[in-house]
Amino acid sequence: MSITAIKGFNDILPAESDRWQYIEQTARRVFELNGFSEIRVPIMEKTELFRRSIGDATDIVEKEMYTFTDKGENSVTLRPEGTASVMRAFIEHKLYAQDPVAKLYYLGPMFRYERPQKGRYRQFHQIGAEITGVNAPLADAQVLNMLVQLFREIGLDEPSLQINSLGCPDCRPAYRASLVAFMEERLDRLCEDCRRRFTTNPLRILDCKVPGCIEATVGAPSVLDHLCGDCDDHFAGVKGYLDSTATPYSINHRMVRGLDYYTRTTFELVTGLLGSQSAVAAGGRYDGLISQLGGPAIPGIGFAIGFERVALLLGDKDFSRQPDLFIATMGVGERDFAFRLMHDLLRSGVRVEMEYEGKSLKSQMRRADKLGARYSVVIGENEVASGKAAFKRMKDGEQIEVPLKCEDIKKMME
RNA sequence: GUGGCUAUGGUGAAGCGGUUAACACUUACGACUGUGACUCGUACAUACGUGGGUUCAAAUCCCACUAGCCACCCCA
């Protein structure tokens, strides 16, 4: 038995990587348009970073991290998400000293030890963006609008935006208490998982998909009714800006987050097309995170997009690049000639392919067709001698005589 | 961590106890000794995830293992 990849770790083969590049390039373009710069952070961090940011009691930290002890006896962890590293770097390099308002994006692999299934892998990829230093709801709205714009430009308008507010450390405890009181009375109607959640994370019960639980929790107190004045104003501001830019969204007061650092605005881009993995992108505000990690009291907001899930939504769409020209040759001498011609054309930006081995003309033409070349040309003794050749437009077979010179060939192809 | 389903070539698959392991795609070569797409021909699994067992006979039945998928949990 030959060696295979690790469970949940996937190879991205050419057919798929074309699609990935399309997503990545579109994301970079949209982010840069919005004034974001890329930050590249390591894929491994001290374990402590994730414990402090994501939260000790979360599932991610409790049972899903790839944590090791390295040769220097340090506990290190393959990052399960990106925000913690970005904020660690923001603090470590004192980026806030230059300008507390930073707009950063990142992309790369993340690692979570979960049972793989559709749209969920142990090594998966995220593209994320963060804005620090802005309290105003305007920042929330810009982040959301950018996210929506990105999906539009990728060509996906199916995922819909859901927003919520989780309040802040001032108002959340009271909400939690009233929710617990409400649930306590209906404990017997909840599923087993929810009864467990009642003690571990009562907010999660709102997110349960079991019909009985949905029924039992009808009329449960909503976070949105328990926001303090400031949080309420903030959320109203966000909604106002989304309305004023005609960004479609719906409010889901039952939306919960799996990471502890979120405050106020939270959101998800959800789809019905990926089975149980409905979130394609998600994020929120994390006003306490930077100070919690030892930095100054600077707020932040951001999101992460699940790369694999976006790729899945794009389906089998073909994003491969076709050659502009395929050069077929008759003999060894012509092949040398063609190689020099190809070299010149490549240097001037024409996408050229040729046959490397001495295959029959028939098989060379077949290859030209298979590669989807726009034009083909056959170079034999006559062509080398005359310096001219018949260029064939593959889609209709029309042939045009053109000199075998870079400039003439380029012109002909326009 | 829990459950369900599936495992035949590069791919999609037929096969249901005795077959040269069908068919299609892909690939290679040819029909056409200087021209692709359509057509036609030829070649391409000593082999049916691995290990046991039942049987005169197993890809086909049984068991175990392994892997993959999907779902739960959780999440992007």
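**Close-up 1. Helix H14 on the five-stranded sheet of a predicted model.** In this predicted model, helix H14 (residues 361-371) lies across E12, E13, E14 and strand E15 (388-393), and runs at about 170 degrees to E12. Helices (H or I, at least four residues) and strands (E, at least two) are DSSP runs, numbered from the N terminus, and contact means heavy atoms within 4.5 Å. Axes are lines fitted to C-alpha atoms, for helices over the stretch in contact, and angles run from 0 to 180 degrees between N-to-C directions. Residues are numbered from 1 along each chain as its sequence is written, while chains are lettered from A and ligands numbered from 1 in the order in which they are written. Local features need pLDDT of at least 70 and side-chain atom pairs count only at pLDDT 80 or more, whereas totals for chains, interfaces and linings use all residues, and side-chain values use heavy atoms, with hydrogens and water left out.

**Close-up 2. The open sheet of 5 strands.** The strand order is E13-E12-E14-E15-E16, with mixed pairing, where two strands count as paired if DSSP finds at least two bridges between them. Strand E13 (352-354) and strand E16 (399-403) stand at the edges with a single partner strand each, so one side of each is left without a neighbour in the sheet. On average, neighbouring strands of this sheet are turned by 30 degrees against each other, direction ignored. Strand E12 (residues 325-329) pairs with strand E14 (residues 375-379) in the parallel sense over 5 bridges, and Ala-328 has Val-378 in E14 as its bridge partner. Helix H13 (residues 332-347) packs on the sheet and touches E12, E13 and E14, its direction making about 165 degrees with that of E13.

**Close-up 3. The open sheet of 3 strands.** Here the strands follow the order E2-E4-E3, with antiparallel pairing. Strand E2 (44-46) and strand E3 (66-69) stand at the edges, each with a single partner strand, so one side of each has no neighbour in the sheet. Strand E4 (residues 75-78) pairs with E2 in the antiparallel sense over 3 bridges, and Val-76 in E4 is the bridge partner of Lys-46.

**Close-up 4. Strand E9 and its antiparallel partners.** In strand E9 (residues 263-270), 8 of the 8 residues are buried, so the strand is largely enclosed by the rest of the structure; buried means under 20% relative accessible area, exposed over 50%, and partly exposed in between (1.4 Å probe, protein chains only). Strand E7 (residues 160-165) is joined to E9 by 6 bridges and runs antiparallel to it, with Phe-267 in E9 as the bridge partner of Ile-163. E9 is also joined to strand E10 (residues 279-285) by 6 bridges, again antiparallel, and Thr-263 stands opposite Arg-285 in E10.

**Close-up 5. The largest nonpolar core.** A nonpolar core is a set of buried Ala, Val, Leu, Ile, Met, Phe, Trp, Tyr and Cys residues joined through side-chain atoms within 4.5 Å. The largest has 43 residues, and those with the most contacts inside it are Phe-31, Phe-151, Phe-267, Phe-303 and Ile-305. Helix H6 (residues 137-154) gives the most to this core, with 9 residues.

**Close-up 6. Helix H12 and its cover.** Helix H12 (residues 307-314) is mostly covered, with 7 of its 8 residues buried, including Phe-307, Val-310 and Leu-314. Among the elements that cover these buried residues are helix H1 (14-33), H6 and strand E11 (300-306). Just after H12, Gly-315 takes a positive phi of about 65 degrees.
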